[in-house]
Amino acid sequence: SVHHPTGLRQAALGDNLEVLAQTTAPKKCRTATFASECYHRVLWVMREGVIKHPEWYPNLSVTSSFEEVQAELHRKKECHCDAPCAENMDPSVLVGPWPSAFLPEYKETHKPSESTQYSEPLLNRVADTIAGVTDEMPIKLDPKRLYPEICNSAVPTDTDAIFIAAKVIQQDPNQTTSPLWTLSESALSSCFDALLARKVVHPKERKYRRNWCWVGLKEICHRHLGDHLSWAEIQRLSLAVGTTSNSSFHPIQKPQVCDQRVFGGTSDWTMSAWSRARLWFAQHVNVYVLSLPTSTSRRTAISAVLATLRIPFHFVDGVDMRLPGGLEAAKREGLIPMHFNETEAQKEAYNPRNGMGTAGSIMGTLGCASGHFRAQNRGVEQDPKALTLVFEDDVSPEEDFIPRLWRLFTQDLPCDWQVVSLHSRCPFGTCVSPHLTRVQPDVNEPAWRCHYGVNWGTFGMVYRTKEIRNVQRLWKQAVFDEKRPRCLDVDVALASISDRVRFYAVPSSQNPGFLKEMFVGSARWEINSHKPNPSTHV
């Protein structure tokens with residue numbers, strides 16, 4: 001059944017706003033920094049504390065911001081937390097719509113006021129980079145189409161992101177900005193030894209001749225998935241433990257354009273913007289929440305969050321492969337191809353080269369993929385709108401999610417798009433606007449591993465509804481390949497075909513960005529750990 005939330009916000013930043021305002025004196029505030037005692041406590045409260053012990057933090061909820069949580073901890077004198085500073089403002093919205101605001105002719109005629117506060121050096125770097133792109137590939141601006149309903153025609157679609165992807169796949173040696181990371185054998189061996197010492201790899205894996213420095217860099221990213229770190233910060237951490245090379249490498253090309261924490265900051269939305277955003281959302285977006293019917297606590301939590309944000313939605317039942325006949329039913333529904341041999345896929349998953357032996361069975365991952373395809377189908381089949389938005393049931397969208405989404409689609413997004421991820425971890429691709437990367441396949445990982453390890457997460461996915469069937473045809477071919485079980489992860493598979501699917505993503509370095517994960521466990525991992533019942537197999 002469809003849910004129509006009617007709850008209204010009492011204040012833009014919640015009941016703890018007064019405490020926050022009282023504790024942010026300009027000369028006395030200090031927001032907790034990465035890895036500090038207060039930082040870890042704030043994250044624990046945001047991810048687990050408010051869920052497991054709500055009575056400890058009656059002034060907070062799962063939608064509370066980092067700063068609100070720190071303000072409450074400061075009031076309670078927990079973990080040496082100082083009074084936090086005000087939330088960062090997103091500088092990209094202070095100078096006008098993107099990308100036209102950063103074209104040379106716009107910069108000359110639209111000067112920000114002296115009272116406008118933003119990071120001048122950062123803004124200049126972004127502007128220079130955007131101007132550089134437009135010099136190489138001129139954009140034909142059409143004022144009448146600057147704000148279309150679901151994209152911005154001023155953003156170039158024939159971007160250098162696509163050009164680079166094509167070049168790299170062919171491994172063109174003349175490509176100077178290639179995301180292909182070529183290192184000496186001695187450097188790779190040194191990285192492998194460092195990973196071996198930390199028990200990240202097994203001695204027998206050396207023969208697979210992967211880029212072990214890249215493996216080491218991604219390993220650090222995987223261990224800090226919720227920390228909103230840029231690749232530059234991740235590389236510094238990786239260098240500190242010796243698991244990567246100090247050779248220059250940028251998993252995101254033009255990182256200064258979007259791989260910046262500040263671009264996930266808040267905005268001073270006007271009432272007019274809120275009104276226009278809500279109208280746009282109602283006209284163009286259908287929302288679905290993918291959730292197992294048995295996940296009652298998750299359903300209760302996300303229902304409360306979306307009610308607070310006044311976002312109507314439908315639940316879509318996930319696929320539970322623990323149930324007798326679950327696999328056969330998924331095949332009959334068309335979620336899984338009839339020819340897919342899960343026994344062969346499981347056998348290959350246990351092959352040491354795939355490193356999936358500790359993950360249990362593949363049935364949870366297979367069910368997760370099936371559920372996402374089911375949710376996409378609902379968007380096509382039930383009163384379709386232009387955009388189909390699918391949330392997983394363990395996410396909490398930001399309080400200003402609706403105007404953020406409206407701005408993303410009407411100002412940042414190129415018009416060739418088919419899929420957008422609203423929170424992509426360990427992203428790989430090229431920045432095309434302040435909030436988006438054009439995803440590319442990770443050419444530093446072999447195809448037999450499905451280019452695994454980047455662009456993780458399907459927390460919030462937006463599909464161009466009319467393109468869903470076209471995307472699925474390519475996507476399912478990648479997912480249901482018995483010889484490449486790493487592709488059973490739908491996020492990994494989608495990234496692996498991003499040279500053929502026009503896939504954009506918001507990098508998770510942006511803080512807070514569009515949404516955050518509620519740490520309530522993983523249904524997929526629970527099912528993978530469940531001993532398969534022979535009756536569920538073909």
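At what angle do the axes of helix 2 and helix 3 cross, and within what distance do they come? The axes of helix 2 (residues 37-52) and helix 3 (residues 66-76) cross at roughly 110 degrees and come within 9 Å. The model is predicted: local features need pLDDT of at least 70, side-chain atom pairs count only at pLDDT 80 or more, and totals for chains, interfaces and linings use all residues. Residues are numbered from 1 along each chain as its sequence is written, and side-chain values use heavy atoms, with hydrogens and water left out.

Helices (H or I, at least four residues) and strands (E, at least two) are DSSP runs, numbered from the N terminus. Axes are lines fitted to C-alpha atoms, for helices over the stretch in contact; angles run from 0 to 180 degrees between N-to-C directions. Angles under 35 degrees count as roughly parallel, over 145 as roughly antiparallel, 65 to 115 as roughly perpendicular and the rest as oblique. Helix 2 and helix 3 are therefore roughly perpendicular to each other. Contact means heavy atoms within 4.5 Å. Helix 2 contributes C38, Y39, R41, V42, L43, V45 and M46, which meet F66, V69, Q70 and L73 of helix 3. These contact residues comprise 9 nonpolar, 1 polar and 1 charged. Here Ala, Val, Leu, Ile, Met, Phe, Trp, Tyr, Cys and Pro count as nonpolar, Asp, Glu, Lys and Arg as charged, and the others, Gly among them, as polar.

Helix 8 and helix 9 (residues 231-241) pack at about 110 degrees, with axes 9 Å apart. Helix 8 and helix 9 are therefore roughly perpendicular, and the crossing is right-handed. From helix 8, W214, G216, L217, K218, I220 and C221 meet W231, I234, Q235, L237, S238 and V241 in helix 9. The contact residues divide into 8 nonpolar, 3 polar and 1 charged.

W212 belongs to helix 8 (residues 212-222). W212 is buried, at 3% relative accessible area (buried means under 20%, exposed over 50%, partly exposed in between, with a 1.4 Å probe and protein chains only). Beyond neighbours within four places in sequence, W212 contacts L188, C191, F192, L195, V201, E205, R206 and T243. The C-alpha atoms of W212 and T244 are separated by 7.6 Å, although these residues are 32 apart along the chain.

S509 sits in the loop between strand 11 (503-507) and strand 12 (515-517). At 1% relative accessibility, S509 also counts as buried. Not counting residues up to four places away in sequence, S509 touches H228, L229, S230, C258, D259, Q260 and R261.

Definitions and conventions. A crossing is left-handed if the near helix is turned anticlockwise from the far one by less than a right angle, and right-handed if clockwise.
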